[in-house]
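Thanks for coming. Please have the sequence and the model open.

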Amino acid sequence: MYSYIKNVFWLPKPNKVELYFTDSIPPIEKVAAVFVYVFNSDGELLLANDRKDRWNIPGGGRDEGESVIDTAIRETVEEACVKIKNVKIVAHQRLLVDGKPPQDYRRPYPEAYEVFVSAIVDEELPFKESDEMIARKYFSIENAIKEDGILFENRRVILDKILE
């Protein structure tokens with residue numbers, strides 16, 4: 001385990017989040033979400049702007065029966081209108097909830113996972129606004145690390161590991 005965070009605000013409390021750097025996939029039925037660090041040929045990082053005006057890496061919930069790679073591909077097209085290739089698993093976070101889950105809790109309980117992958121741009125599609133995202137943009141690494149989506153919890157350390 002690389003890091004440990006206790007009682008994150010976005011999970012029912014009490015909880016803990018453990019970060020692991022590995023290319024293995026956790027039990028697929030417990031994978032709740034996949035997040036993608038997408039790089040273009042200039043080494044810039046793709047971020048999508050959400051309706052709260054935050055720049056973030058593409059990613060989201062895994063659909064029933066979907067693989068980690070398929071989720072990464074689908075979420076990147078849905079959120080940034082970009083097709084990706086060379087998808088590599090880099091890390092996962094184990095989410096452990098000790099408290100009772102709220103009625104609308106969407107993750108496997110009491111243990112779920114978020115998987116983080118890296119990829120490169122294969123093809124840019126025309127960008128279309130969605131219910132979630134209003135823009136896409138490539139950021140230099142220097143500028144990307146200042147954005148909300150990279151500052152959020154373990155995401156900066158995962159980016160640093162990818163860049164090693």
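I start with K85, which is partly exposed at a relative accessible area of 37%. For that scale, buried means under 20% relative accessible area, exposed means over 50%, and partly exposed is in between, with a 1.4 Å probe and protein chains only. This is a predicted model, where local features need pLDDT of at least 70, side-chain atom pairs count only at pLDDT 80 or more, and totals for chains, interfaces and linings use all residues. Residues are numbered from 1 along each chain as its sequence is written, and side-chain values use heavy atoms, with hydrogens and water left out.

What does K85 pair with? Its side chain meets that of D122 in a salt bridge, at 3.8 Å from N to O. A salt bridge here is a side-chain nitrogen of Lys or Arg within 4 Å of a carboxyl oxygen of Asp or Glu. D122 lies in strand β8 and K85 in strand β7 (residues 82-97), so the pair ties together parts that are 37 residues apart in sequence. Strands are DSSP runs of E with at least two residues, helices are runs of H or I with at least four, and both are numbered from the N terminus. D122 is partly exposed too, at 45%.

The structure holds 15 salt bridges. One of them joins K16 and E18, with the closest N and O atoms 3.8 Å apart. K16 is partly exposed at 26%, while E18 is buried at 5%. Through shared partners, K16, E18, K30, R94 and E111 form one network.

Next, the rings. There are 6 aromatic pairs in the whole structure. Rings of Phe, Tyr and Trp (its six-membered ring) pair if their centres lie within 6.5 Å; planes under 30 degrees apart are stacked, over 60 edge-to-face, and the rest tilted. Y2 and F21 are edge-to-face, at 5.1 Å between centres and 75 degrees between planes. Y2 is exposed at 51%, and F21 is partly exposed at 25%. Ring pairs also link F9, W10 and F152 into a cluster.

Last, the pocket. Which residues lie nearest the centre of the largest pocket? They are F35, G59, G60, R106 and R107, out of 28 lining residues. A pocket is an open set of points on a 1 Å grid over the protein atoms alone, where a 1.4 Å probe fits, with protein on both sides within 12 Å along at least five of seven lines; lining residues have an atom within 4 Å of a point.
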